[in-house]
Amino acid sequence: MARPDLHERIQALRKLRSAQGRIRVRRTVARRDGVRVEVDGRWLTGFCSNDYLGLSQQFEVVAALQDAASREGAGAGASHLISGHHALHEALEREVADWLGYPRGLLFGSGFIANLAVQQALLSEEEDLCVQDRLNHASLLDASRLAGCRLRRYPHLDAEGAMRQFKSAPEGAAMLVTDGVFSMDGDIAPLRSLSLVARMQEAVLYVDDAHGVGVVGPQGRGCAADAGLGVSEVPLQLVTLGKALGGHGAVVVGEETLIQHLAETARPYIYTTAMPPAQAAAALAAVKLARRDDWRREKLTALIGQFRDSARRHGLELMASDTPIQPLLCGDESTVMAMSASLENAGFLVSAIRPPTVPEGKARLRVTLSALHTPQQVMELVDATARARDIVQRQQHVAALRA
Ligand SMILES: Cc1ncc(COP(=O)(O)O)c(C=O)c1O
(Lines give C-alpha, C1' and ligand atoms only; values in the text may rest on other atoms or scores of the structure.)
Protein backbone atom coordinates (compact mmCIF):
# COMPACT_ATOMS: atom_id res chain seq x y z
CA MET A 1 0.00 0.00 0.00
CA ALA A 2 1.34 3.45 -0.86
CA ARG A 3 -0.60 6.25 0.75
CA PRO A 4 -0.08 9.79 -0.53
CA ASP A 5 2.24 11.64 1.87
CA LEU A 6 0.28 14.50 3.43
CA HIS A 7 3.37 16.62 4.07
CA GLU A 8 4.46 16.30 0.44
CA ARG A 9 0.95 17.17 -0.70
CA ILE A 10 0.68 20.34 1.33
CA GLN A 11 4.16 21.45 0.28
CA ALA A 12 3.20 21.01 -3.38
CA LEU A 13 -0.03 22.94 -2.81
CA ARG A 14 1.85 25.78 -1.10
CA LYS A 15 4.33 25.92 -3.98
CA LEU A 16 1.43 26.18 -6.40
CA ARG A 17 -0.21 28.97 -4.35
CA SER A 18 3.12 30.75 -4.23
CA ALA A 19 3.57 30.48 -8.03
CA GLN A 20 0.06 31.88 -8.46
CA GLY A 21 0.80 34.75 -6.04
CA ARG A 22 -1.92 33.44 -3.72
CA ILE A 23 -0.09 33.13 -0.44
CA ARG A 24 -2.25 34.63 2.30
CA VAL A 25 -0.66 36.54 5.15
CA ARG A 26 -2.20 37.93 8.30
CA ARG A 27 -1.55 41.54 9.21
CA THR A 28 -1.13 42.00 12.93
CA VAL A 29 -2.94 44.98 14.37
CA ALA A 30 -1.03 46.22 17.41
CA ARG A 31 -3.58 48.84 18.48
CA ARG A 32 -6.90 50.25 17.34
CA ASP A 33 -8.48 53.63 17.80
CA GLY A 34 -11.81 53.91 15.97
CA VAL A 35 -11.05 53.42 12.26
CA ARG A 36 -7.28 53.94 12.83
CA VAL A 37 -5.14 50.82 13.19
CA GLU A 38 -1.47 50.41 14.01
CA VAL A 39 0.15 47.85 11.70
CA ASP A 40 3.91 47.21 11.50
CA GLY A 41 4.60 50.32 13.55
CA ARG A 42 2.52 52.69 11.37
CA TRP A 43 -0.93 54.12 11.99
CA LEU A 44 -3.22 53.55 8.98
CA THR A 45 -6.82 54.53 8.26
CA GLY A 46 -8.72 51.27 7.95
CA PHE A 47 -11.31 50.77 5.22
CA CYS A 48 -11.75 47.01 5.53
CA SER A 49 -13.48 46.35 8.84
CA ASN A 50 -17.08 45.15 9.14
CA ASP A 51 -17.65 47.37 12.19
CA TYR A 52 -20.13 49.35 10.09
CA LEU A 53 -21.82 51.19 12.95
CA GLY A 54 -18.64 51.78 14.94
CA LEU A 55 -19.91 49.83 17.96
CA SER A 56 -16.91 47.61 18.71
CA GLN A 57 -15.16 50.26 20.82
CA GLN A 58 -18.27 52.18 21.80
CA PHE A 59 -18.25 53.20 25.47
CA GLU A 60 -21.54 51.53 26.59
CA VAL A 61 -20.64 48.29 24.80
CA VAL A 62 -17.20 48.02 26.38
CA ALA A 63 -18.57 49.04 29.80
CA ALA A 64 -21.21 46.26 29.59
CA LEU A 65 -18.46 43.74 28.78
CA GLN A 66 -16.27 44.88 31.67
CA ASP A 67 -19.12 45.02 34.15
CA ALA A 68 -20.40 41.53 33.29
CA ALA A 69 -16.87 40.08 33.26
CA SER A 70 -16.18 41.48 36.71
CA ARG A 71 -19.31 39.74 38.04
CA GLU A 72 -19.54 36.58 35.91
CA GLY A 73 -15.94 35.89 34.96
CA ALA A 74 -14.29 35.17 31.63
CA GLY A 75 -16.14 32.09 30.41
CA ALA A 76 -19.47 30.24 30.44
CA GLY A 77 -17.93 27.05 31.77
CA ALA A 78 -20.10 24.60 29.83
CA SER A 79 -22.29 24.15 26.78
CA HIS A 80 -25.81 25.62 26.73
CA LEU A 81 -27.53 22.29 27.39
CA ILE A 82 -25.32 21.41 30.36
CA SER A 83 -24.95 24.44 32.65
CA GLY A 84 -23.52 27.18 30.39
CA HIS A 85 -26.79 28.89 29.44
CA HIS A 86 -26.76 32.25 31.27
CA ALA A 87 -29.49 34.83 31.81
CA LEU A 88 -27.42 37.23 29.65
CA HIS A 89 -27.56 34.73 26.73
CA GLU A 90 -31.31 34.49 27.21
CA ALA A 91 -31.71 38.28 27.29
CA LEU A 92 -29.64 38.67 24.12
CA GLU A 93 -31.67 36.05 22.23
CA ARG A 94 -34.90 37.80 23.26
CA GLU A 95 -33.62 41.27 22.34
CA VAL A 96 -32.51 40.21 18.84
CA ALA A 97 -35.74 38.27 18.19
CA ASP A 98 -37.83 41.23 19.36
CA TRP A 99 -35.84 43.65 17.18
CA LEU A 100 -36.41 41.60 14.03
CA GLY A 101 -40.02 40.69 14.94
CA TYR A 102 -39.41 36.95 15.35
CA PRO A 103 -40.80 34.65 18.05
CA ARG A 104 -37.46 33.22 19.12
CA GLY A 105 -33.68 33.42 18.71
CA LEU A 106 -30.84 30.99 19.38
CA LEU A 107 -27.31 32.12 20.18
CA PHE A 108 -24.23 30.59 18.51
CA GLY A 109 -20.49 31.07 18.91
CA SER A 110 -20.14 32.46 15.38
CA GLY A 111 -22.04 32.93 12.13
CA PHE A 112 -20.01 30.20 10.47
CA ILE A 113 -21.02 27.70 13.15
CA ALA A 114 -24.66 28.83 13.04
CA ASN A 115 -24.81 28.23 9.31
CA LEU A 116 -23.39 24.73 9.72
CA ALA A 117 -25.94 24.04 12.45
CA VAL A 118 -29.02 25.15 10.51
CA GLN A 119 -28.52 22.89 7.52
CA GLN A 120 -27.09 19.98 9.50
CA ALA A 121 -30.18 19.94 11.73
CA LEU A 122 -32.82 20.53 9.05
CA LEU A 123 -31.56 18.79 5.91
CA SER A 124 -30.71 15.45 7.44
CA GLU A 125 -31.82 13.06 4.69
CA GLU A 126 -29.72 12.28 1.63
CA GLU A 127 -32.49 13.23 -0.80
CA ASP A 128 -32.97 16.65 0.87
CA LEU A 129 -32.16 19.65 -1.25
CA CYS A 130 -30.46 22.97 -0.63
CA VAL A 131 -30.74 25.57 -3.39
CA GLN A 132 -28.25 28.41 -3.03
CA ASP A 133 -27.08 31.56 -4.78
CA ARG A 134 -23.75 30.91 -6.50
CA LEU A 135 -22.08 33.72 -4.52
CA ASN A 136 -23.30 32.67 -1.07
CA HIS A 137 -20.82 32.74 1.81
CA ALA A 138 -18.44 29.77 2.12
CA SER A 139 -20.06 28.65 5.39
CA LEU A 140 -23.42 28.15 3.66
CA LEU A 141 -21.86 26.01 0.94
CA ASP A 142 -19.83 23.98 3.44
CA ALA A 143 -22.98 23.51 5.51
CA SER A 144 -24.66 21.57 2.70
CA ARG A 145 -21.64 19.27 2.55
CA LEU A 146 -21.81 18.70 6.31
CA ALA A 147 -25.55 18.04 6.15
CA GLY A 148 -24.99 15.49 3.38
CA CYS A 149 -27.90 16.88 1.36
CA ARG A 150 -27.94 17.69 -2.35
CA LEU A 151 -26.63 21.18 -3.17
CA ARG A 152 -27.81 23.05 -6.28
CA ARG A 153 -26.55 26.55 -7.06
CA TYR A 154 -28.20 29.21 -9.21
CA PRO A 155 -26.70 32.25 -10.97
CA HIS A 156 -26.21 35.24 -8.69
CA LEU A 157 -29.51 37.02 -7.76
CA ASP A 158 -31.47 34.92 -10.29
CA ALA A 159 -34.80 33.86 -8.74
CA GLU A 160 -35.86 32.12 -11.96
CA GLY A 161 -32.59 30.19 -11.86
CA ALA A 162 -33.49 29.13 -8.32
CA MET A 163 -36.88 27.92 -9.54
CA ARG A 164 -35.21 25.87 -12.28
CA GLN A 165 -32.98 24.18 -9.72
CA PHE A 166 -35.98 23.22 -7.60
CA LYS A 167 -37.80 21.84 -10.64
CA SER A 168 -34.80 19.72 -11.58
CA ALA A 169 -34.91 18.02 -8.16
CA PRO A 170 -38.54 17.73 -7.07
CA GLU A 171 -38.07 15.18 -4.26
CA GLY A 172 -36.86 15.68 -0.70
CA ALA A 173 -37.39 18.39 1.89
CA ALA A 174 -35.88 21.66 0.71
CA MET A 175 -34.36 24.96 1.76
CA LEU A 176 -33.68 28.06 -0.31
CA VAL A 177 -30.61 29.79 1.12
CA THR A 178 -29.20 33.20 0.31
CA ASP A 179 -27.00 35.93 1.75
CA GLY A 180 -29.06 39.07 2.43
CA VAL A 181 -26.24 41.51 1.60
CA PHE A 182 -23.53 39.65 -0.34
CA SER A 183 -20.30 39.85 1.56
CA MET A 184 -17.89 40.44 -1.33
CA ASP A 185 -20.22 42.36 -3.67
CA GLY A 186 -22.37 44.45 -1.36
CA ASP A 187 -25.52 43.89 -3.40
CA ILE A 188 -28.81 42.60 -1.95
CA ALA A 189 -30.71 39.39 -2.73
CA PRO A 190 -34.11 39.74 -4.46
CA LEU A 191 -35.91 38.48 -1.37
CA ARG A 192 -39.48 39.13 -2.50
CA SER A 193 -39.01 36.99 -5.62
CA LEU A 194 -37.09 34.33 -3.71
CA SER A 195 -39.84 34.15 -1.09
CA LEU A 196 -42.37 33.41 -3.85
CA VAL A 197 -40.13 30.66 -5.23
CA ALA A 198 -39.77 29.17 -1.74
CA ARG A 199 -43.52 29.27 -1.19
CA MET A 200 -44.28 27.60 -4.55
CA GLN A 201 -41.67 24.92 -3.87
CA GLU A 202 -42.65 24.40 -0.21
CA ALA A 203 -39.07 25.19 0.76
CA VAL A 204 -37.89 26.98 3.90
CA LEU A 205 -36.24 30.30 3.00
CA TYR A 206 -33.12 30.99 5.09
CA VAL A 207 -31.54 34.42 4.80
CA ASP A 208 -27.98 34.90 6.08
CA ASP A 209 -28.11 38.62 6.79
CA ALA A 210 -24.64 38.85 8.34
CA HIS A 211 -23.96 42.15 6.57
CA GLY A 212 -27.52 43.51 6.46
CA VAL A 213 -28.78 43.56 10.04
CA GLY A 214 -27.88 46.80 11.77
CA VAL A 215 -27.34 48.58 8.48
CA VAL A 216 -30.22 47.92 6.05
CA GLY A 217 -33.96 48.46 6.53
CA PRO A 218 -36.12 50.23 9.10
CA GLN A 219 -34.29 50.50 12.47
CA GLY A 220 -31.54 48.38 10.88
CA ARG A 221 -33.80 45.31 10.91
CA GLY A 222 -32.15 43.92 7.81
CA CYS A 223 -32.89 43.00 4.21
CA ALA A 224 -36.03 40.95 4.85
CA ALA A 225 -37.67 43.76 6.83
CA ASP A 226 -36.58 46.19 4.11
CA ALA A 227 -38.40 44.02 1.55
CA GLY A 228 -41.51 43.98 3.77
CA LEU A 229 -41.03 40.30 4.68
CA GLY A 230 -41.36 38.69 8.10
CA VAL A 231 -41.36 35.30 9.75
CA SER A 232 -44.10 33.82 7.54
CA GLU A 233 -42.05 34.43 4.36
CA VAL A 234 -38.57 34.06 5.87
CA PRO A 235 -38.93 31.48 8.66
CA LEU A 236 -35.23 31.59 9.55
CA GLN A 237 -32.56 34.30 9.48
CA LEU A 238 -28.97 34.65 10.58
CA VAL A 239 -27.91 37.75 12.50
CA THR A 240 -24.16 37.97 13.14
CA LEU A 241 -22.86 39.85 16.16
CA GLY A 242 -19.34 40.33 14.78
CA LYS A 243 -20.06 42.84 12.03
CA ALA A 244 -22.41 45.83 12.46
CA LEU A 245 -22.88 44.85 16.11
CA GLY A 246 -19.15 45.07 16.78
CA GLY A 247 -18.71 41.91 18.88
CA HIS A 248 -18.58 38.20 18.19
CA GLY A 249 -21.13 35.41 17.76
CA ALA A 250 -24.47 35.05 16.00
CA VAL A 251 -28.18 34.63 16.65
CA VAL A 252 -30.48 32.60 14.41
CA VAL A 253 -34.02 33.97 14.65
CA GLY A 254 -36.99 31.98 13.47
CA GLU A 255 -40.25 30.15 13.98
CA GLU A 256 -40.59 28.59 17.40
CA THR A 257 -40.62 24.97 16.15
CA LEU A 258 -37.57 25.44 13.92
CA ILE A 259 -35.54 27.10 16.68
CA GLN A 260 -36.56 24.45 19.18
CA HIS A 261 -35.43 21.74 16.78
CA LEU A 262 -32.06 23.49 16.35
CA ALA A 263 -31.57 23.85 20.12
CA GLU A 264 -32.30 20.17 20.68
CA THR A 265 -30.54 18.56 17.71
CA ALA A 266 -27.96 20.80 15.98
CA ARG A 267 -24.56 19.27 16.71
CA PRO A 268 -22.61 22.55 16.25
CA TYR A 269 -24.93 24.03 18.92
CA ILE A 270 -24.90 21.17 21.40
CA TYR A 271 -21.27 20.09 21.46
CA THR A 272 -19.53 23.37 22.14
CA THR A 273 -18.97 25.73 25.07
CA ALA A 274 -21.42 28.62 25.32
CA MET A 275 -20.21 32.14 24.55
CA PRO A 276 -18.76 33.98 27.58
CA PRO A 277 -21.69 35.77 29.31
CA ALA A 278 -19.71 39.04 29.28
CA GLN A 279 -19.58 38.87 25.51
CA ALA A 280 -23.36 38.41 25.45
CA ALA A 281 -23.67 41.50 27.67
CA ALA A 282 -21.60 43.51 25.17
CA ALA A 283 -23.73 42.28 22.27
CA LEU A 284 -26.91 43.13 24.16
CA ALA A 285 -25.70 46.70 24.70
CA ALA A 286 -24.72 46.90 21.02
CA VAL A 287 -28.12 45.67 19.82
CA LYS A 288 -29.87 48.32 21.94
CA LEU A 289 -27.69 51.04 20.40
CA ALA A 290 -28.16 49.67 16.87
CA ARG A 291 -31.94 49.70 17.34
CA ARG A 292 -31.93 53.23 18.71
CA ASP A 293 -29.24 55.12 16.82
CA ASP A 294 -30.67 55.90 13.40
CA TRP A 295 -28.04 58.62 13.10
CA ARG A 296 -25.34 55.97 12.59
CA ARG A 297 -27.20 54.60 9.56
CA GLU A 298 -27.93 58.11 8.26
CA LYS A 299 -24.25 58.99 8.49
CA LEU A 300 -23.28 55.77 6.72
CA THR A 301 -25.75 56.47 3.91
CA ALA A 302 -24.22 59.91 3.41
CA LEU A 303 -20.67 58.48 3.35
CA ILE A 304 -21.71 55.75 0.86
CA GLY A 305 -23.20 58.41 -1.44
CA GLN A 306 -20.08 60.57 -1.15
CA PHE A 307 -17.77 57.61 -1.84
CA ARG A 308 -19.71 56.54 -4.94
CA ASP A 309 -20.01 60.04 -6.42
CA SER A 310 -16.36 60.72 -5.90
CA ALA A 311 -15.19 57.27 -7.16
CA ARG A 312 -17.32 57.76 -10.29
CA ARG A 313 -15.76 61.18 -10.92
CA HIS A 314 -12.30 59.56 -10.75
CA GLY A 315 -13.33 56.78 -13.17
CA LEU A 316 -12.94 53.98 -10.59
CA GLU A 317 -14.91 50.81 -11.33
CA LEU A 318 -17.72 50.56 -8.79
CA MET A 319 -20.09 47.63 -8.30
CA ALA A 320 -23.89 47.84 -7.96
CA SER A 321 -24.02 48.30 -4.19
CA ASP A 322 -25.85 50.73 -1.90
CA THR A 323 -24.44 49.17 1.25
CA PRO A 324 -21.26 49.92 3.24
CA ILE A 325 -19.51 47.18 1.21
CA GLN A 326 -18.18 49.15 -1.79
CA PRO A 327 -15.83 46.91 -3.81
CA LEU A 328 -13.66 48.47 -6.50
CA LEU A 329 -13.05 46.02 -9.33
CA CYS A 330 -9.41 45.66 -10.39
CA GLY A 331 -9.59 42.50 -12.55
CA ASP A 332 -6.39 40.55 -12.19
CA GLU A 333 -4.66 39.61 -8.99
CA SER A 334 -1.37 41.40 -9.53
CA THR A 335 -3.22 44.69 -10.10
CA VAL A 336 -5.26 44.40 -6.92
CA MET A 337 -2.18 43.46 -4.86
CA ALA A 338 -0.23 46.40 -6.26
CA MET A 339 -3.15 48.78 -5.60
CA SER A 340 -3.52 47.57 -2.02
CA ALA A 341 0.25 48.01 -1.42
CA SER A 342 0.21 51.47 -2.96
CA LEU A 343 -2.73 52.48 -0.75
CA GLU A 344 -0.87 51.23 2.29
CA ASN A 345 2.07 53.44 1.36
CA ALA A 346 -0.37 56.31 1.28
CA GLY A 347 -1.66 55.47 4.78
CA PHE A 348 -4.76 53.35 4.09
CA LEU A 349 -5.49 49.73 4.94
CA VAL A 350 -7.78 48.23 2.27
CA SER A 351 -7.88 44.50 1.71
CA ALA A 352 -7.30 42.90 -1.68
CA ILE A 353 -9.81 40.13 -2.35
CA ARG A 354 -8.69 37.47 -4.81
CA PRO A 355 -9.81 34.09 -6.12
CA PRO A 356 -10.88 31.65 -4.77
CA THR A 357 -12.83 34.04 -2.51
CA VAL A 358 -14.17 35.75 -5.67
CA PRO A 359 -14.38 34.40 -9.25
CA GLU A 360 -11.31 34.45 -11.55
CA GLY A 361 -10.77 37.86 -13.16
CA LYS A 362 -12.91 39.59 -10.51
CA ALA A 363 -10.22 40.54 -7.99
CA ARG A 364 -11.17 43.66 -6.09
CA LEU A 365 -10.40 46.10 -3.33
CA ARG A 366 -13.11 45.48 -0.76
CA VAL A 367 -13.66 48.95 0.63
CA THR A 368 -15.96 49.03 3.63
CA LEU A 369 -17.32 52.16 5.24
CA SER A 370 -18.14 52.82 8.86
CA ALA A 371 -20.22 55.46 10.60
CA LEU A 372 -16.95 56.42 12.31
CA HIS A 373 -15.28 57.56 9.07
CA THR A 374 -15.25 61.27 8.32
CA PRO A 375 -16.09 62.77 4.91
CA GLN A 376 -12.47 64.00 4.82
CA GLN A 377 -11.12 60.44 5.23
CA VAL A 378 -13.42 59.17 2.49
CA MET A 379 -12.31 61.94 0.15
CA GLU A 380 -8.64 61.19 0.86
CA LEU A 381 -9.18 57.47 0.27
CA VAL A 382 -10.76 58.01 -3.15
CA ASP A 383 -8.00 60.45 -4.18
CA ALA A 384 -5.33 57.97 -3.04
CA THR A 385 -7.05 55.10 -4.87
CA ALA A 386 -7.15 57.04 -8.13
CA ARG A 387 -3.45 57.89 -7.71
CA ALA A 388 -2.67 54.22 -6.91
CA ARG A 389 -4.48 53.14 -10.08
CA ASP A 390 -2.48 55.61 -12.18
CA ILE A 391 0.84 54.50 -10.63
CA VAL A 392 0.05 50.79 -11.13
CA GLN A 393 -1.10 51.36 -14.72
CA ARG A 394 2.12 53.21 -15.50
CA GLN A 395 4.24 50.46 -13.92
CA GLN A 396 2.37 47.80 -15.90
CA HIS A 397 2.79 49.79 -19.10
CA VAL A 398 6.55 50.09 -18.57
CA ALA A 399 6.82 46.39 -17.73
CA ALA A 400 4.91 45.48 -20.91
CA LEU A 401 7.24 47.64 -23.04
CA ARG A 402 10.27 45.96 -21.49
CA ALA A 403 8.90 42.45 -21.97
C1 LIG B 1 -22.46 36.26 4.67
C2 LIG B 1 -21.70 35.75 5.85
N3 LIG B 1 -22.24 34.77 6.58
C4 LIG B 1 -21.61 34.26 7.66
C5 LIG B 1 -20.38 34.74 8.03
C6 LIG B 1 -19.68 34.14 9.22
O7 LIG B 1 -19.94 34.92 10.35
P8 LIG B 1 -18.89 34.91 11.57
O9 LIG B 1 -17.80 35.83 11.19
O10 LIG B 1 -19.71 35.36 12.72
O11 LIG B 1 -18.42 33.50 11.70
C12 LIG B 1 -19.79 35.78 7.32
C13 LIG B 1 -18.49 36.33 7.77
O14 LIG B 1 -17.55 36.50 7.10
C15 LIG B 1 -20.46 36.30 6.19
O16 LIG B 1 -19.90 37.25 5.46
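How many nonpolar, polar and charged residues does the lining of the largest cavity have by class? I noted seven nonpolar, four polar and no charged residues; Ala, Val, Leu, Ile, Met, Phe, Trp, Tyr, Cys and Pro count as nonpolar, Asp, Glu, Lys and Arg as charged, and the others, Gly among them, as polar.

The model is predicted: local features need pLDDT of at least 70, side-chain atom pairs count only at pLDDT 80 or more, and totals for chains, interfaces and linings use all residues. Residues are numbered from 1 along each chain as its sequence is written, and side-chain values use heavy atoms, with hydrogens and water left out.

**Cavity.** I searched the whole structure and found one cavity of 30 Å³ or more (on a 1 Å grid over the protein atoms alone, a set of points where a 1.4 Å probe fits but cannot get out; lining residues have an atom within 4 Å of a point). Its volume is about 60 Å³, taken as the space filled by probe spheres set on the points, which are joined across faces, edges and corners. The lining includes His-80, Phe-108, Tyr-269 and Met-275. β4 (104-108) and α11 (267-270) each supply at least two lining residues (DSSP runs: helices H or I, at least four residues; strands E, at least two).

**Sheet.** I traced seven strands in an open, mixed sheet, ordered β4-β10-β9-β8-β7-β5-β6; strands pair if DSSP finds at least two bridges between them. β4 and β6 (150-154) stand at the edges with a single partner strand each, so one side of each lacks a neighbour in the sheet. β7 (174-179) and β8 (204-208) pair in the parallel sense over five bridges, and Leu-176 stands opposite Leu-205 in β8.

Key. On a 1 Å grid over the protein atoms alone, a cavity is a set of points where a 1.4 Å probe fits but cannot get out, and a pocket is an open set with protein on both sides within 12 Å along at least five of seven lines; lining residues have an atom within 4 Å of a point.
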